[in-house]
Amino acid sequence: MKIFLVGGARPNFMKIAPLYRELKKKSDLIETKIIHTGQHYDYSMSKVFFEQLGLAEPDYYLNVGSASHATQTANIMMAVEKVFEQDKPDWLFVVGDVNSTIACSLTAVKMGIKVAHVEAGLRSFDMDMPEEINRILTDRISSLLLCSEPSGIKNLRAEGYDMGKIFLVGNTMIDTVAFHLADIKKNDFYKTLDLKANSYACLTLHRPSNVDNADSLLNFYNILDYAAKESEIVFPAHPRTVKNIEKFGLKEKFDSIKNLKIIEPIGYFEFMNLVINSKFIMTDSGGIQEETTFLGIPCITLRENTERPITCDNGTNKVVGTDFNKVVSAIKWTEVFSRSYYIAPLIWDGYAAERITEIIVNY
Ligand code: UD1
């Protein structure tokens with residue numbers, strides 16, 4: 001059996017790494033290859049993750065780069081079609097909800113290649129998010145729907161899917177945290193920034209709805225100006241966000257906030273080391289809501305919704321949107337948060353990739 005794994009954007013690499021490791025253990029039965037679409041291409045957005053996570057060099061690098069949604073999706077489809085024409089897998093494994101996910105799935109299914117979607121069934125019910133569109137479409141054309149949390153199963157059942165192809169497997173992104181926990185702890189990146197453990201906040205921000213317009217960025221300036229008076233904030237800034245802060249002439253304003261350290265995108269161990277030693281996280285990422293849930297760190301989600309409700313049920317995540325007062329009261333919540341009360345969801349035990357491998361072997 002021939003299986004290809006697709007990685008395109010930063011969060012994909014942590015999700016495919018454990019799958020690659022497990023599938024490789026079955027190399028007597030399965031030939032596994034990696035396709036990297038090149039949706040993310042900077043060293044710090046891509047290659048550093050391959051190096052740190054021990055992922056093999058991609059067998060196919062499509063080099064598509066950045067573009068509008070239609071152009072990027074179309075470029076990925078045309079490039080991956082050429083790969084499948086020469087080297088056709090039995091299964092394509094796609095993860096998450098980025099443009100690479102839907103582009104490769106759609107191409108595969110039309111060429112008679114079965115698709116397995118890792119992280120199936122997550123729904124924000126917000127069709128303004130490009131990721132929601134990608135998720136729904138990818139699920140629709142997948143032969144195997146591998147869910148990371150019970151809400152995925154509930155959503156797919158409500159949408160009328162054949163329950164026979166749905167499996168609750170856990171979370172491969174959490175497999176990666178669990179597998180590398182010792183490396184993450186000993187990395188000590190936070191010390192190189194002169195930060196003290198449990199005394200600073202870590203911020204990430206990259207959703208188009210949050211960073212693609214001046215008013216929204218100005219609102220974040222006000223929030224950060226307030227929050228940085230309470231504790232230091234470290235902000236590894238996504239290229240999209242950096243470009244927009246400059247484009248809207250807000251760089252000086254952000255730079256003027258004392259106690260706000262804006263840094264370049266960093267590697268996996270460095271970032272997770274910042275997370276694990278922080279007092280709390282503010283983010284609009286999906287994956288970071290999950291990583292903080294696993295680690296028992298309070299997370300303030302700067303979005304109106306989440307497709308990962310288990311993180312809220314668990315008590316570590318508050319989805320507050322971007323209203324100044326709501327963010328301020330969530331920051332107060334982090335002051336009284338006690339990490340010792342929180343345990344990770346049972347299904348996030350570090351063995352999702354093993355379960356997935358077993359499912360495919362027995363398919
Ligand atoms: C993409 C995903 C998003 C995911 C995020 C993780 C889609 C629709 N969105 O958003 O779900 O949460 O990745 O980071 O697939 N850029 C660089 N260097 C790079 C990559 C991008 O400078 O290596 C810049 C380019 O200016 C590009 C912009 O970032 O135009 C946005 O990149 P893109 O991949 O289009 O979307 P993300 O915002 O990264």
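Colleague: What volume does the largest pocket have?
Modeller: The largest pocket has a volume of about 1200 Å³. A pocket here is an open set of points on a 1 Å grid over the protein atoms alone, with protein on both sides within 12 Å along at least five of seven lines. Grid points are joined across faces, edges and corners, and the volume is the space filled by probe spheres set on them.

Colleague: Before we go on, what kind of model is this?
Modeller: This is a predicted model: local features need pLDDT of at least 70, side-chain atom pairs count only at pLDDT 80 or more, and totals for chains, interfaces and linings use all residues. Residues are numbered from 1 along each chain as its sequence is written, and side-chain values use heavy atoms, leaving out hydrogens and water.

Colleague: Back to the largest pocket. Which residues lie nearest its centre?
Modeller: A9, H40, M45, H206 and H238. The lining has 50 residues, where a lining residue has an atom within 4 Å of a point.

Colleague: Which elements give two or more residues to that lining?
Modeller: α1 (10-24), α3 (69-86), α5, α12 (239-247), α14 (268-276) and α15 (287-295). The largest share, five residues, comes from α1. Elements are DSSP runs numbered from the N terminus: helices are H or I with at least four residues, strands are E with at least two.

Colleague: And how do the lining residues of the largest pocket divide by class?
Modeller: 20 are nonpolar, 17 polar and 13 charged. Nonpolar covers Ala, Val, Leu, Ile, Met, Phe, Trp, Tyr, Cys and Pro; charged covers Asp, Glu, Lys and Arg; the others, Gly among them, are polar.

Colleague: What about the second largest pocket, which residues sit nearest its centre?
Modeller: D126, M129, R207, S209 and N210, out of 17 lining residues. The space in this pocket is about 280 Å³. α10 (208-211) is one of the elements that supply at least two lining residues. Its three residues are the largest share. By class, the lining has four nonpolar, seven polar and six charged residues.

Colleague: Changing topic. How many cavities of 30 Å³ or more are there?
Modeller: One. A cavity is a set of grid points where a 1.4 Å probe fits but cannot get out.

Colleague: Which residues line the largest cavity?
Modeller: K15, V118, E119, S148, G170, N171, T172, M173 and E290. Two are nonpolar, four polar and three charged.

Colleague: Next, salt bridges. How many in the whole structure?
Modeller: The search finds 25. Each is a side-chain nitrogen of Lys or Arg within 4 Å of a carboxyl oxygen of Asp or Glu.

Colleague: Where do E290 and R308 lie?
Modeller: First, their side chains meet in a salt bridge, 2.8 Å from N to O. E290 lies in helix α15 and R308 in the loop between β12 (299-301) and α16 (310-313), so the pair ties together parts that are 18 residues apart in sequence.

Colleague: Are E290 and R308 buried or exposed?
Modeller: E290 is buried, at 0% relative accessibility. R308 is buried too, at 3%. Buried means under 20% relative accessible area, exposed over 50%, partly exposed in between, with a 1.4 Å probe and protein chains only.

Colleague: Last one, helix α5. Which of its residues are buried?
Modeller: E131, E132, N134, R135, T138 and D139, in a helix that spans residues 130-140. Seen down the axis, they fall within an arc of 160 degrees, so they line one face of the helix. The arc is taken from the directions from the helix axis to the C-beta atoms.

Colleague: What do those buried residues pack against?
Modeller: β4 (91-95), α4 (99-110), β5 (114-118), β6 (144-147) and α6 (150-158). Contact means heavy atoms within 4.5 Å.

Colleague: And R140, which residues is it in contact with beyond four places in sequence?
Modeller: E159 and Y161. R140 lies in α5 and is partly exposed at 48%.
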